Amino acid sequence: MKTTLDFIPLAKPHITEDEVSLVTEVIQSGQLSLGKKLVDFETEFARYVGTRFAVAVSSGTAGLHLCVKALGLREGDEAITSPFSFIASSNSLIYERVKPVFVDIDEETFNIDPHLIEPAITPKTRAILPVHIFGVSADIGAINWIAKDRKLKVFEDGCESLGAAYEGKKVGTFGNPAVFAFYANKQMTTGEGGMVTTDDPEIARKIRQFSNQGRSDNGQWLVHDEVGYNYRMDEMSAALGIVQIRKLDWMLKERARIAGRYTQNLKGHPKIKVMQETFQNPGLRRSWYVYAVRLAPDIDRNDIIRRLQEKGVASKPYMPALHLQPVYRKLFGFREGMFPVCERVSNSSLALPFFVEMTEEMVDQVCSALEDSIKGQ
Ligand SMILES: *Cc1c(COP(=O)(O)O)cnc(C)c1O
């Protein structure tokens, strides 16, 4: 992808000489998996989030799947989750024949609406899977309360919300296993990769065991106590992760700076709703993951995307509603209108270029391109 001003991509990882030299060091060492970098990355990650354990895995999706396994969810169970997400969250349930039961979202935070959880509980409900979308924590206080009251398990999809906080506590520290992801467009990257955080030694042990072919932890390589997976993270990815987590707070500040510029440029535009920085719950702190504006209903979004592309600016409808994905319509018979808030948000949101290396001039260029595209319609 070009990063010059003639085409502005949607996302771009921030990779410097520091990453290059540590990854090179690992490759030259010959220890390419299950080495010291993995241990160091897990240790630093657990310290950053503030949990006792962090288990590195090969992707966020793998981490979510392992949570389903570690919590013992199985065929015939139901789990309540959000339809406004990336498909990996609900797919993790389907892998184990657990039925995802969607409930609609809150239009302010785009996260699962806790008021709609209770009515969706059936005798088969075993778990709640909140997704902390767009860098904002779901209402975990309410969710944990319902789960305790109704004896449900909770695991959290924090793949878009590393560094976000709820009432002074970071995502990952709400008492449930939580999953983070390091694909190249996330707040930090390892290429492919993920992490599961927990304070529970038994959950941590199970996640590690399932990620490593079901091996027992007695050190015997060819003794398998469970049917596990190869969901391990390699040493090159862990090395990338170490460099990235050390500068994560700085990268989050840069992302907040870029978001601030977008908001300043676009707020007040009659056809554009900018992203919210503060919420009715003053205890929510966003970790900037995407910058997605909402376009007025009379705007033809696909046409805007085409016009932006012609002006050298990438953009994307983000995110599509999960229940309307062809595979879910087919599997579960979902239709339009079932989750109206999710559909309204989904049909109007447009992700704009957003990455650490964006300059003020690039943000301004994107904003003028967007304003011109709207004028041209
Ligand atoms: C990125 C993401 C994941 C998982 O990502 P991987 O590509 O498997 O690492 C899961 N859930 C959400 C909401 C995400 O944004």
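Tutor: Two strands count as paired when DSSP finds at least two bridges between them. The model discussed here is predicted.

Student: How do you know that strand 1 and strand 10 pair?

Tutor: Five bridges join strand 1 (residues 53–57) to strand 10, and the requirement is at least two, so the strands pair. They run antiparallel, and the bridge partner of Ala 56 in strand 10 is Met 195.

Student: What makes strand 9 and strand 10 a pair?

Tutor: Four bridges connect strand 9 (residues 178–181) with strand 10 in the antiparallel sense.

Student: Why is Thr 198 called buried?

Tutor: Its relative accessibility is 5%, and buried means under 20%; therefore Thr 198 counts as buried. Thr 198 lies in strand 10 (residues 194–198), where five of the five residues are buried. Gly 194, Val 196 and Thr 198 point one way from the strand, whereas Met 195 and Thr 197 point the other way.

Student: What makes the approach of the Thr 198 side chain to Asp 200 a polar contact?

Tutor: The side chain of Thr 198 reaches the backbone nitrogen of Asp 200 at 2.9 Å, and the limit for a polar contact is 3.5 Å. Among the residues that Thr 198 touches are Phe 53, Pro 177 and Ile 203.

Student: Why is the pair of Phe 84 and Phe 134 called edge-to-face?

Tutor: A search of the whole structure finds 20 aromatic pairs. In the pair of Phe 84 and Phe 134, the planes are 70 degrees apart and the centres 5.5 Å apart. Ring centres must lie within 6.5 Å, and planes over 60 degrees apart count as edge-to-face, so the label applies. Phe 84 and Phe 134 are 50 residues apart, and both are buried.

Student: Why is the pair of Phe 102 and Phe 334 called tilted?

Tutor: The ring centres of Phe 102 and Phe 334 are 5.5 Å apart and their planes stand at 45 degrees, so the pair is tilted.

Methods
Residues are numbered from 1 along each chain as its sequence is written. This is a predicted model: local features need pLDDT of at least 70, side-chain atom pairs count only at pLDDT 80 or more; totals for chains, interfaces and linings use all residues. Side-chain values use heavy atoms; hydrogens and water are left out. Helices (H or I, at least four residues) and strands (E, at least two) are DSSP runs, numbered from the N terminus. Buried means under 20% relative accessible area, exposed over 50%, partly exposed in between (1.4 Å probe, protein chains only). A polar contact is a pair of N or O atoms within 3.5 Å; within protein, one must be able to donate a hydrogen and the other to accept it, and residues adjacent in sequence count only if both atoms are side-chain atoms. Contact means heavy atoms within 4.5 Å. Rings of Phe, Tyr and Trp (its six-membered ring) pair if their centres lie within 6.5 Å; planes under 30 degrees apart count as stacked, over 60 as edge-to-face and the rest as tilted. Lists of a residue's contacts leave out its neighbours within four places in sequence.
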